[in-house]
Structures are given as structure tokens and as C-alpha cells.
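Please examine the model below with regard to its fold, its sheet and selected side chains.

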Amino acid sequence: MRVHNASEADVMFYPVFSSSSYNSYSKVNPHQTKSMNNLQQDKLVKYLTAQEPWKRTSERDHIITAHHPNRTMKTRMKLWPALFILADFGRYPHTMANVDKDIIAPYRHMVGTRPGFLQLR
């Protein structure tokens with residue numbers, strides 16, 4: 001159930017580290033010193049870690065959609081205590097992402113369909 005007061009929440013969900021930003025803003029333009037993607041990641045980490053729920057709860061009850069491994073390249077070292085929703089464990093050290101704390105939600109085209117199972121489209 002969604003709540004409007006963070007103190008009432010069992011978990012905090014942050015669906016902000018998506019591949020669309022990486023795909024659109026990862027290249028550095030000639031007039032930039034840093035990509036827009038990296039600037040956005042820096043701002044998101046600063047915002048998130050400054051929030052009272054993050055400070056109060058040891059980060060373990062925060063869920064971060066970190067599905068695109070390149071999108072979270074800069075942030076994962078700072079946010080690793082949170083529960084990640086990942087496509088796979090590639091590019092992550094086992095101390096940062098592992099089956100004991102994280103959820104794997106593979107890319108749809110990587111998962112075969114078993115006969116008899118409902119396919120959602």
C-alpha cells in the first residue's frame with residue numbers, strides 16, 4: 001500500500017535508475033565535461049542519501065531499480081546496501097549484488113517461455 005508519510009512505510013521504492021536515461025544522456029557533448037547521465041546520477045544519490053528515511057533505516061529497506069548496469073555504474077558504490085532490482089549479476093562484485101539481498105528481473109527477451117504458462121504482453 002502506498003503511504004504519504006515515510007515513517008509509515010515498510011520499504012521505500014526508487015524507480016529512478018533506468019536505461020532510458022543512460023541511452024539518451026550518456027554521451028558527453030563537446031561543451032560538457034560530464035555526461036548528463038552522470039550529472040543526474042550524482043544529483044539522485046545526493047538527494048536520496050540526504051533523506052531522513054535513508055539515514056534512519058540503514059538503507060536495507062530501500063528498493064532501487066538498477067536494471068541497466070551502465071546506468072548505475074557511478075551510483076552502485078554509494079547505494080549498494082539497498083535492495084537492487086537487477087537484470088543479472090554481471091558487472092557487480094558479489095559483495096555489492098547477490099542473491100541474499102537482491103532481486104533478478106531479467107530482460108524479457110532473455111527468458112524463454114515454458115509451455116503451459118500464461119504469457120503477458
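The following questions and answers concern a predicted model.

Q: In what order do the helices and strands of the protein chain run from the N terminus on?
A: The protein chain holds four helices and four strands. Read from the N terminus on, its elements follow the order β-α-α-α-β-α-β-β.

Q: Which strands are the edge strands of the open sheet?
A: The four strands form an open sheet in the order β1-β2-β3-β4, with parallel pairing. An edge strand pairs on one side only, and this applies to β1 (12-14) and β4.

Q: How many bridges join strand β2 to β3?
A: Strand β2 covers residues 62-65 and runs parallel to β3. Within this part of the sheet, Thr 65 lies opposite Ile 85 of β3. The number of bridges joining β2 and β3 is three.

Q: Which residue of β4 is the bridge partner of Leu 86?
A: Strand β4 (residues 103-104) pairs with β3 in the parallel sense, over two bridges. Ile 85 stands opposite Ile 103. For Leu 86, the bridge partner in β4 is Ile 104.

Q: Which residues of strand β3 point the other way from Leu 83 and Ile 85?
A: In a regular strand, side chains alternate between the two faces of the sheet. Strand β3 spans residues 83-86, and its residues Leu 83, Phe 84, Ile 85 and Leu 86 are all buried. Leu 83 and Ile 85 point one way, and those pointing the other way are Phe 84 and Leu 86.

Q: Is Gln 41 buried or exposed?
A: Gln 41 belongs to helix α2, residues 36-50. A residue counts as buried under 20% relative accessible area. Because its relative accessible area is 1%, Gln 41 is buried.

Q: Which residue has its backbone nitrogen reached by the side chain of Gln 41?
A: Leaving aside residues up to four places away in sequence, Gln 41 touches Asn 70, Arg 71, Thr 72, Met 73, Lys 74 and Thr 75. At 3.4 Å, the side chain of Gln 41 reaches the backbone nitrogen of Thr 75.

Q: What is the N to O distance in the salt bridge between Asp 42 and Lys 34?
A: Asp 42 is partly exposed, because its relative accessible area is 24%. Lys 34 also counts as partly exposed, at 30% relative accessibility. Their side chains meet in a salt bridge with an N to O distance of 2.4 Å.

Q: Which residue meets Lys 101 in a salt bridge?
A: The count of salt bridges is two. In one of them, the side chain of Lys 101 takes part at 2.7 Å, N to O. Lys 101 is buried, and so is its partner, which is Asp 102.

Q: What accessible area do Tyr 25, Met 36 and Leu 39 have together?
A: Tyr 25 lies in helix α1, residues 19-25. Its relative accessibility is 41%, so Tyr 25 counts as partly exposed. With Met 36 and Leu 39, Tyr 25 forms a nonpolar patch on the surface, and their accessible area together is about 250 Å².

How values were computed
Residues numbered from 1 in each chain as written. Predicted model: local features only at pLDDT ≥ 70, side-chain atom pairs only at ≥ 80, totals over all residues. Heavy atoms only, no water. Patch = residues over 30% accessible without salt bridge, like charges linked within 9 Å, V, L, I, M, F, W, Y side chains within 5 Å. Areas by Shrake-Rupley, 256 points an atom, 1.4 Å probe, with all protein chains shown as cover. Salt bridge = Lys/Arg side-chain N within 4 Å of Asp/Glu carboxyl O. Buried < 20%, exposed > 50% of the residue type's maximum accessible area, 1.4 Å probe, protein only. Polar contact = N/O pair within 3.5 Å; in protein donor to acceptor, adjacent residues only side chain to side chain. Contact = heavy atoms within 4.5 Å. Pairing = 2+ DSSP bridges.
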